[in-house]
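User: I have a protein chain open and I'd like to go through it bit by bit. Can you help me read it?
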Amino acid sequence: MSFRTTPSVDYVEDVSPGSGALPPRAWYAASDAQSLSLNGSWRFRLSATVDAEDDSFAEEGYEAGDWAEVTVPGHWVLQGDGAFGSPIYTNHLYPFPVDPPHVPTENPTGDHLRVFDLPSDWPSDGGAVLRFDGVESCARVWLNGTELGEFKGSRLPHEFAVGHLLKPGGNVLAVRVHQWSAGSYLEDQDQWWLPGIFRDVTLLHRPAGGVGDFFVHASYDHTTGEGTLRVDSDVDGRVTVPALDIDVATGETVTVAVEPWTAETPKLYDGVLATEGERVPLRIGFRTVVLEDGLVKVNGRAVLFKGVNRHEWHPEQGRALDLETMREDVLLMKRHNLNAVRTSHYPPHPAFLDLCDEYGLWVIDECDLETHGFTEQDWRDNPVDDDRWTPALLDRAARMVERDKNHPSVVIWSLGNEAGTGRGLTAMAEWIHDRDPERLVHYEGDWNCRDTDVYSRMYAFHDEVEKIGQRLDGGTHRRRELPFIQCEYGHAMGNGPGGLADYQELFEKYERLQGGFIWEWIDHGVKHAELGYAYGGDFGEELHDGNFVCDGLVFPDRTPSPGLVEYKKVIEPVHIEGDGANGIVRITNKQDFADLSALAFEWSCQVDGETVESGSLSVPALAPGESAEVKLPEPPVDGRGGERQWTVRALLADDTSWAAKGHVVAWGQFAAGARPLPSFPATDRPVRDGNRFTLGPAAFDARTGALLSIGGVEVSAPRLDVWRAPTDNDDGAEWQTDTRYGTLWRTLGLHRMRHRLVSVEAGDDALTVRTRVAPAAREVGLDTVYRWTSDGERLRLSVSVTPEGDWTVPLPRLGVRFGLSEADSVEWFGGGPGEAYPDTRAASMVGRWQSTVDGLQTPYVRPQENGARADVRWVELGGLRIEGDPEFWFTARRWTTEQLDAARHRTDLTPGDTVWVNLDHGQHGIGSQSCGPGPLPQYFLKAEPAQFAFVFSTTR
Ligand code: IPT
């Protein structure tokens, strides 16, 4: 005899999207129909398998008093202090056997229970709908003991008709959520696996004659300046837009003069869709998206996407984001000049799209689909190429498009991410094209562009992007006619990404290149009591991808990282270049739609980094693409003869919804005269006194030639340093074999260089110390000569480095490191205020800056090289003033590079007694090799002969 033991749980491994839910429809936040939020505290019981507990908890009268509680929206693994399991991070590996559609027997299952009363004024007529905006990954739902159905599609809405089941009080809503389901195979995005009811649960009254589904078609004709509106509605009604005097029936078309919607000018018209039983507010943006002349055009103009990939993330709530956090993301994006978001890799909380409409961001709305883990088996059994899964794929496409179709910000639909190729994707594209011919379709995985309207790639190197721009990349006939975007580039993991300015130059040079989207917005660090922020492996996962989950432009707490500051500069909407010698500044409007009337311009003149004069600059309201040359005022007369430069800034002329008047949008800086280099005659002579040499203000160890003090300031002797704690980009991704310099440097031994003293020579005007710096076991080395001179007050160190042997790798850095026993505040004249490296220095502004040693540190979630300031002319700290000949890179920290290198989390770093200072002549570029290209050749720090000098004096 055979029998099945678990007939009731077949749905978990069923490839179908589910059963019982209503057809998808347009989402709206509020209408005049009543609604009841069911967010809040729910009773919660966790089981280890899908059927460890029966479903009697769904019955009325069930006693759940001894259950735990969780907050909805939320993920249970982030609640209960570890009592409910923990998060798992994998990039593309499935954390369970690839055995589709089966999932492990160990399948954490969370039973959620909520008892609610209807408000006393809840209408007795009409029906009601229960809406789940997001549940990971599979849910089965009961109301008052009656099963409503089950569903998959974690980041998509599901509604159930419940009017007939509701009672005034004591309604029992029971939801059983399984962490793993057949749907998990379609949700293999690079992120934490986080089960739970993580978006809102809402009960919506559905009045008789209420609004059903509706589709707002609002186009803009740039040749006439007119907008055309038609609202198709399942339920007939009227559409009114008071500001436009529109009052038409649904389904009827009306054309009037309008201001169009663009990301730069997000004009929304308030309207109402009124049916017999309901009034739904509309926010209408008129715009037309087409593929024309091989370009994505909106309102007749090609757009340049300056975008970012945004996962939903909060360090404590995971993907359960509140409205304020969503708004913070949008405001940060607008304030950093971004104009586009790809909702990687699933439709976001719908309120986020409302914000994109309101503040102005172009959106690529991506479907909740990724089957990346099948790449491990050459895509065998990939669900997107297996007809049995196609209904689930179509269901996902429809739930996204129907939910989000009324957002003007959404200009492109994306089928999903990293799912290989297959018939299921084609079916999705066909369905979407048919349902919404007024938008374009994107998918990166198909390089032949069979189903898509844009050729999209991720992490293509600069040289390939240039070829694509020049249309020399070949490809299918269809692809050759399409515009190009990088849906992911500039991997913002740790220090970096480098090379953004070089990409932007290409995007701006070639018409076919319509920009790109940085990977990614935020580090998905999980707030952790001991570690600060946890990443993959910190929860004991058996398979994980470490800190690959921390690769955002903002830190987990949404503090902008230097990468975001750099990106803001690189994509600034106004280009400001100057000819300082002739006092001319050239301003170019790089926007696609808006003129410059929203901006005010200011000039200032600096002598040695200090502003001596400033004023406003009148700049014509240039149209997009236009440039003008503006004459700067006569440079101020100043007897000091220092280094002079101009700085010109573009600021918001008035308050906007996203930043206050005076917010700096763009800037340019240019020299008005060369920098006088520090020099003095070497008048002093080294004098021996026992085991010391003195030279001007300095004392040296006579035997080793090591500097001991300058004036009263004790130092641990400067010596050559080439090591930096490898960044994630130095380490590179595992699939990059021959350019992973972090490993190559370590193999060569650059992290354990030995210093052999060759000679100490006291001459007439200099103390010269000759050394050879080299790693054990290798024949390569760096002949290094330190030459010390003084004029009695100041001390000059000239370093000359001559590589010996066959150097096949670049150097991480080249300079000197020394220790100071006391240092806290730091002031410098040079690049700032933030860190910069050779290929991440666009945003480094030359000026006078102040900070502290702690303030100089950039808190990358996994500690690594950070905090260098570029182009430093002089720095003062710890009683010393150090001037550079030429300018140098300055770094100071309370731990050694070796300690920084060994640390896995910020909490591993404990300040020691010494402040370690690096004065570098060179730094190797950063690149984006944690996923993408390394530094371009011009940013390599080659092992080549080099000379550089520093002048030391005391400030006390
Ligand atoms: C690409 C993914 O699309 C994205 O989700 C993320 O994983 C990113 O890489 C790296 O952080 S896939 C890439 C490995 C080609």
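User: Where does serine 137 lie?
Analyst: In this predicted model, serine 137 lies in the loop between strand 8 (135-136) and strand 9.

User: And what is the peptide bond from glutamate 136 to serine 137, cis or trans?
Analyst: That bond is cis. Its omega is near -5°.

User: Where else does a cis peptide bond turn up?
Analyst: One joins serine 344 and histidine 345. Omega is about -20° there. Histidine 345 sits in the loop between strand 27 (340-342) and helix 2 (350-359).

User: What about tryptophan 379, is its phi positive or negative?
Analyst: Positive, about 65°, although tryptophan 379 is not a glycine. Look for this residue in the loop between strand 28 (362-366) and helix 3 (390-404).

User: Back to strand 9. Which strand do six bridges join it to?
Analyst: Strand 10. Strand 9 covers residues 138-143, strand 10 covers residues 146-152, and they run antiparallel. As an example, tryptophan 142 has glutamate 147 in strand 10 as its bridge partner.

User: What holds strands together in a sheet, in general?
Analyst: Strands pair through backbone hydrogen bonds, and they can do so parallel or antiparallel.

User: How many bridges pair strand 38 with strand 41?
Analyst: Nine, in the antiparallel sense. Strand 38 is residues 599-607 and strand 41 is residues 644-652. Serine 604 has threonine 647 in strand 41 as its bridge partner.

User: Switching topic. What are the domains of the chain?
Analyst: The domain assignment gives domain 1 (10-206), domain 2 (215-287), domain 3 (290-569), domain 4 (584-665) and domain 5 (691-954).

User: Take domains 2 and 3. How far apart are their C-alpha centres?
Analyst: They lie 29 Å apart.

User: How many residues are in contact there?
Analyst: 15 residues of domain 2 are in contact with 23 residues of domain 3. The two domains bury about 1,500 Å² between them. Carbon and sulfur atoms carry 57% of that area.

User: How many salt bridges does the count between domain 2 and domain 3 give?
Analyst: One. Another figure for this interface is seven residue pairs in polar contact.

User: Which strand gives the most to the side of domain 2 that touches domain 3?
Analyst: Strand 16 (residues 214-221), with four residues.

User: Last one. How do the side chains of glutamate 358 and arginine 283 meet?
Analyst: In a salt bridge, at 3.6 Å from N to O.

Key: Residues are numbered from 1 along each chain as its sequence is written. This is a predicted model: local features need pLDDT of at least 70, side-chain atom pairs count only at pLDDT 80 or more; totals for chains, interfaces and linings use all residues. Side-chain values use heavy atoms; hydrogens and water are left out. Two strands pair if DSSP finds at least two bridges between them. Helices (H or I, at least four residues) and strands (E, at least two) are DSSP runs, numbered from the N terminus. Domain bounds come from an automatic or database domain assignment. Contact means heavy atoms within 4.5 Å. Buried area is the accessible area (1.4 Å probe) that two parts lose on being put together, summed over both. A salt bridge is a side-chain nitrogen of Lys or Arg within 4 Å of a carboxyl oxygen of Asp or Glu. A polar contact is a pair of N or O atoms within 3.5 Å; within protein, one must be able to donate a hydrogen and the other to accept it, and residues adjacent in sequence count only if both atoms are side-chain atoms.
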